[in-house]
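Dear colleague,

I am handing over the structure below, and I would be glad if you read it alongside the notes that follow.

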Amino acid sequence: GAALALVSREYRDRAARIIHSVKSVDNKIANLLLFTRKPEPLFRDQRIHDVLQDILRFSVEILEKEGIRLTVRLAGGNPLVRADGELLKQVFLNIILNAVQAMRGGGELTIETRLHNDPALRPGMERTLELRFADTGSGIAEEDRRRIFDPFFSTRERGSGLGLAIVHNIMDLHRGTVGVEMGEKGGSVFTVLLPLVTAE
């Protein structure tokens, strides 16, 4: 009985800690629902630059307030991807917020899109759109980079780390990938790859 009571108290404490963590996350309810429900995405051909510009319009105020300079370099044409636009906005917003948190006191965020045509890539990904989000923040330690997309992993004291786990989930739904590496001049570079439908 005593052992069972101890286990249930530990479970309650752990649940309370998780709930407390989740409550401290931006977009907490949307994030948690997205993570647990695995919603059926609504796929259609999307002009990826329109989706990105939508989220940048939403983010520009946050970036200005934090003293972060934004540079955007877009590939030519009008690349189309088969995607759920709202879910992709969630991906871009989470990556941008992550960059903001890494650049307390200001910095620079550079967002680029590139088109790739490589027959050697895995089937379905021969023609891809690459989105790169490079920040000049504090960077991520190598051992943390391997775990950053795991649920509940966070390098922040009070964060639950759900944001980047959701990013990973959404990219899986889109048959795409997301990764992070160290920038040439420090900071982090998040790279999103999506299968390309066409470039108009």
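The second largest pocket has a volume of about 350 Å³, where a pocket is an open set of points on a 1 Å grid over the protein atoms alone at which a 1.4 Å probe fits, with protein on both sides within 12 Å along at least five of seven lines, and the volume is the space filled by probe spheres set on the points. This is a predicted model, in which local features need pLDDT of at least 70 and side-chain atom pairs count only at pLDDT 80 or more, while totals for chains, interfaces and linings use all residues. Residues are numbered from 1 along each chain as its sequence is written, and side-chain values use heavy atoms, leaving out hydrogens and water.

The lining of this pocket (residues with an atom within 4 Å of a point) has 16 residues, and Ala 134, Gly 183, Glu 184, Lys 185 and Val 189 lie nearest the centre. Strand S4 supplies the largest share of the lining, four residues; strands here are DSSP runs of E with at least two residues, numbered from the N terminus.

S4 and S5 run antiparallel and are joined by nine bridges, and Arg 114 stands opposite Glu 130 in S5. Of the nine residues in S5, seven are buried, that is, under 20% relative accessible area with a 1.4 Å probe, protein chains only.

Finally, leaving aside neighbours within four places in sequence, Phe 92 is in contact (heavy atoms within 4.5 Å) with Ile 48, Val 51, Leu 52, Ile 55, Leu 131 and Phe 133.

Best wishes

Note on methods:
Buried means under 20% relative accessible area, exposed over 50%, partly exposed in between (1.4 Å probe, protein chains only). Two strands pair if DSSP finds at least two bridges between them.
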